[in-house]
Amino acid sequence: AVLDKSRGFVNYKRATYQYRDGSVRQKDWKEIYNHKRVKEGLRVQAARCMDCGVPFCSSDHGCPLSNLIPKWNNLVFKNEWKLALDYLHQTNNFPEFTGRVCPAPCEGACVLGINTPAVTIKNIENAIIDHGFEHGWVRPLVPKVRSGKKVAVIGSGPAGLAAAAQLNKAGHLVTVYERNDEVGGLLRYGIPTMKLDKRVVARRVDILEREGISFKTNIEVGKDLAAKTIMDENDAVVCALGATWPRDLPIPGREFTGIHYAMNFLESWQKQQQGNSNPYISAKDKDVIVIGGGDTGCDCIATSLRHGAKSITTFEILPQPPATRADSNPWPTWPRIFRVDYGHEEVKLKWGRDPRVFNVKSLYFEGDANGNVTGVKTILVQWSKDDAGRWTMKDVEGSEKTYKCDLVLLAMGFLGPERSIVEELSVGLDPRGNLETPRSKYNTSIPNLYAAGDCRRGQSLVVWAIHEGRQCAKQVDKDLMGSTSLAGPGGIV
Ligand code: FAD
């Protein structure tokens with residue numbers, strides 16, 4: 001049948017091929033997405049895009065990168081995949097990462113979402129880039145002219161990689177320093193293989209290397225190599241350190257064996273999975289408690305399940321009511337509603353219950369004579385308004401309970417970047433403990449030292465890290481050369 005885009009939003013329904021069947025996918029470590037991409041099906045989905053006069057999906061509310069979404073939706077509809085890829089790359093260095101792991105605020109901002117499900121923007125983005133790789137269209141682009149300037153990037157997560165890619169494109173000689181044994185930051189050792197296959201990361205790093213970027217791993221700057229030395233050897237230095245300093249839970253019994261930070265659990269396992277013979281924290285045959293209900297907590301749940309945990313419970317505190325779209329969260333922004341993620345769905349399919357227990361606070365850890373954790377004592381909390389009308393949490397009397405466990409994973413967020421470089425150079429921090437820069441700027445308190453990504457804005461999203469890396473590169477290039485031709489949001493120079 002002939003596809004009609006002019007009334008596609010009326011005639012066609014949203015269909016996602018997003019996830020594989022939950023009861024099947026929980027038995028393996030492969031990506032959870034269903035990559036079985038029916039091209040004709042996607043063209044129908046692209047035909048649902050209304051090409052709005054004001055595309056909120058591309059705005060700051062919808063996409064930090066200002067991806068040209070209606071443009072490439074239309075090109076997919078017209079079967080012009082190569083051109084769609086060119087437009088996608090104009091604003092996003094790594095669509096294969098965001099196409100997989102982004103929570104897609106663009107879909108939350110899609111105008112169709114007012115009264116019908118949004119366009120499947122994320123699926124379309126991922127299909128364009130995967131199609132591009134399959135057809136050999138994603139090739140290294142080596143800069144024709146070198147500027148004679150040297151720039152170092154410290155940290156190789158999405159912010160560092162995006163900054164490096166852009167600075168290299170501008171002709172600077174870029175060296176990326178990484179303390180871990182592999183490049184990629186949380187893309188490599190953080191986000192599980194089920195959400196992002198590590199071959200997808202390696203494939204992009206290989207292209208960046210062939211474009212001329214040099215990567216130095218196993219070097220913790222500020223410890224193995226002085227930050228001062230790197231500052232002296234380069235015209236500019238970009239800190240893209242991430243924000244993985246974990247929030248602790250200093251309650252009685254914290255010292256018992258079997259209580260770990262979520263990142264130690266995820267990272268040690270992912271290293272093992274990727275061929276490193278280090279010891280790892282296993283959830284096999286254990287009663288697991290995950291404290292913290294964000295994305296990291298969900299990844300701990302899904303990993304524990306695949307290890308073969310005996311049971312999994314997670315404690316989560318709901319945001320103060322109302323937990324739905326409120327005056328402070330108007331359309332078109334990502335609705336901060338409470339959602340079921342892939343890990344919760346998988347546990348429910350296996351044991352018939354959602355692993356989450358809501359509004360529970362941990363009081364203390366219980367342990368045995370050998371010092372091993374055996375349980376968590378908890379109390380329920382309730383939101384109520386105080387006399388001044390502010391929401392506060394109160395303990396619910398008589399609601400104490402002990403949850404049995406032999407593995408506890410702390411996934412309660414992060415406090416900012418780790419301190420080695422910050423201390424060595426006495427870099428200025430903001431009140432939240434992140435590297436301070438002026439508003440909408442990326443220069444720190446130290447001349448020629450810049451900051452981008454989670455170490456600047458706090459633990460965030462891959463799409464924001466890429467945005468920051470690109471914006472920071474633009475400022476560095478301008479500061480070094482007097483002007484810049486690097487593109488900013490929306491691909492605009
Ligand atoms: P990172 O990715 O943290 O990279 C920083 C790098 O700097 C690291 O490799 C670190 O080793 C290196 N480094 C630090 N200090 C030094 C030093 N002194 N010397 C040398 N190297 C150093 N976001 C999403 O959009 N979708 C998701 O599904 C998602 N899932 C997540 C799951 C988990 C478990 C976690 C923890 C985060 C997740 N996020 C997700 C958030 C996202 O991964 C981050 O926002 C993003 O990776 C930040 O990028 P970055 O480059 O700023 O920092």
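This is a predicted model: local features need pLDDT of at least 70, side-chain atom pairs count only at pLDDT 80 or more; totals for chains, interfaces and linings use all residues.
Helix 4 passes helix 5 in a left-handed crossing. Helix 4 covers residues 69-77 and helix 5 covers residues 81-91.

**The helix 4 and helix 5 pair**

- The two helices pack at an angle of about 165°, and their axes are 8 Å apart.
- Angles over 145 degrees count as roughly antiparallel, so that is the label for helix 4 and helix 5.
- On the helix 4 side, the contact is made by Lys71, Trp72, Leu75 and Val76.
- Helix 5 brings Trp81, Leu83, Ala84, Tyr87 and Leu88 to the contact.
- Sorted by class, that makes eight nonpolar residues, one charged and no polar ones.

- Five strands make up an open sheet, ordered 3-2-1-4-14, with parallel pairing.
- Strand 3 (214-216) and strand 14 (449-451) sit at the edges, each pairing on one side only.
- From one strand to the next, the twist averages 20°.
- Over at strand 14, the partner is strand 4 (residues 236-239), and the two pair in the parallel sense over three bridges.
- Within that pairing, Val237 stands opposite Leu449 of strand 14.

**Helices on the sheet**

- Helix 9 (residues 158-169) packs on the sheet and touches strand 1 (150-154), strand 2 (173-177), strand 3 and strand 4.
- The direction of helix 9 makes about 165° with that of strand 2.
- Helix 17 (residues 462-481) lies across strand 1, strand 4 and strand 14.
- Relative to strand 14, helix 17 runs at about 160°.

Conventions: Residues are numbered from 1 along each chain as its sequence is written. Side-chain values use heavy atoms; hydrogens and water are left out. Two strands pair if DSSP finds at least two bridges between them. Helices (H or I, at least four residues) and strands (E, at least two) are DSSP runs, numbered from the N terminus. Axes are lines fitted to C-alpha atoms, for helices over the stretch in contact, and angles run from 0 to 180 degrees between N-to-C directions. Contact means heavy atoms within 4.5 Å. Angles under 35 degrees count as roughly parallel, over 145 as roughly antiparallel, 65 to 115 as roughly perpendicular and the rest as oblique. A crossing is left-handed if the near helix is turned anticlockwise from the far one by less than a right angle, and right-handed if clockwise. Ala, Val, Leu, Ile, Met, Phe, Trp, Tyr, Cys and Pro count as nonpolar, Asp, Glu, Lys and Arg as charged, and the others, Gly among them, as polar.
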